[in-house]
Amino acid sequence: MSLVSIVGLGGSYDGRSRSLAALRIALEGARSAGASVRLFDVRELDLPMYDPALPPPPNALALADAVHAAQGMLWSSPLYHGTISGSFKNALDWLELLGDREPSYLTDKAIGLIAAAGGTQGLNAVNTMEFVVRALRGWAVPLVLPIPRVGRVFPDDGSVDVGIRESLLTLGQEVTRAARQLSLVQITTPAAQAEEQRIDRE
Ligand SMILES: Cc1cc2nc3c(=O)[nH]c(=O)nc-3n(C[C@H](O)[C@H](O)[C@H](O)COP(=O)(O)O)c2cc1C
């Protein structure tokens, strides 16, 4: 079995971030499926707003390098005002640093999607993330986890809803399996990549 690397990106500036707690469990699932894992917490990254004129901050470069070297990712965003949070999207914007890598962006990487919602609309954030995955040329795994009422799933006593924990572990395992499969063959051809670039940049 080939060793795959899975990078987790998510969380919020809330010191008790539930989207971060969910991401940690999904990464545990990935590790249990044989992946080496690395976590990037949005709060610790503390990235400035994406600005093409800025020299890339070290944390953005570390994220970009880890993602480029990985075969898959797990994303976990809070649901803010019906969609993904600004800080999470800003972290994704810094993946623009992968635009001139070979292959570019998230080409042929498997991505697992998680949203942590106070209410019930987490799927909005998951769907938004899926648009980004496609724009960055990755592949979202079909199992997605929009977690509703996260306050009850991750109460302040540190416990976790058993069913959601199982789902998160399964998602981490799925992403690892998909990443392993995708890394075995070239899915996106150089011709498709060139066409994508032409359409995007013209
Ligand atoms: C600015 C802000 C906007 C929010 N908007 C929504 C919302 O539109 N729908 C919802 O269900 N929950 C909303 N919430 C609740 C969050 O989804 C919930 O607190 C979640 O735990 C945030 O993730 P985090 O714990 O990782 O920070 C909002 C919270 C904040 C702080």
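The chat below goes through the ligand shell, the fold and a few backbone details.

Q: What kind of model is this?
A: It is a predicted model.

Q: OK, the ligand. Which residues come nearest?
A: Ser12, Ser19, Pro78, Gly118 and Gly119, out of 18 residues around the ligand.

Q: And how do the residues of that shell divide: nonpolar, polar, charged?
A: Nine are polar, seven nonpolar and two charged.

Q: Which helix and which strand each supply at least two residues of the shell?
A: Helix H1 (18-32) and strand S3 (72-80).

Q: Switching to the fold. How many helices and strands?
A: The chain has eight helices and seven strands. Its radius of gyration is 16 Å, close to the 17 Å from the globule rule for 202 residues, so the chain is as compact as a globular protein of that length.

Q: What does the C-alpha trace span?
A: About 50 × 40 × 30 Å along the principal axes.

Q: How much of the chain counts as buried?
A: 42% of the 202 residues.

Q: Now the backbone. Which peptide bond is cis?
A: The one from Glu102 to Pro103 is cis, with omega near -5 degrees. Pro103 sits in the loop between helix H4 (86-93) and strand S5 (110-116).

Q: What else is in that loop?
A: Asp108 is there, between H4 and S5. Its phi is positive, near 60 degrees, and it is not a glycine.

Q: Where is Asp46?
A: In the loop between helix H2 (42-45) and helix H3 (58-69). Asp46 also has a positive phi, about 45 degrees.

Q: Why does Asp46 count as exposed?
A: Because it has 11 C-beta neighbours inside 10 Å, and exposed means 12 or fewer. Asp108 has 18, so Asp108 counts as partly exposed.

Note on methods: Residues numbered from 1 in each chain as written. Predicted model: local features only at pLDDT ≥ 70, side-chain atom pairs only at ≥ 80, totals over all residues. Near = placed C-beta within 6 Å. Helix = DSSP H or I, 4+ residues; strand = E, 2+ residues; numbered from the N terminus. Nonpolar A, V, L, I, M, F, W, Y, C, P; charged D, E, K, R; others polar. Rg over C-alpha atoms; globule rule 2.2 N^0.38 Å. Buried ≥ 20, exposed ≤ 12 C-beta atoms within 10 Å, placed from the backbone.
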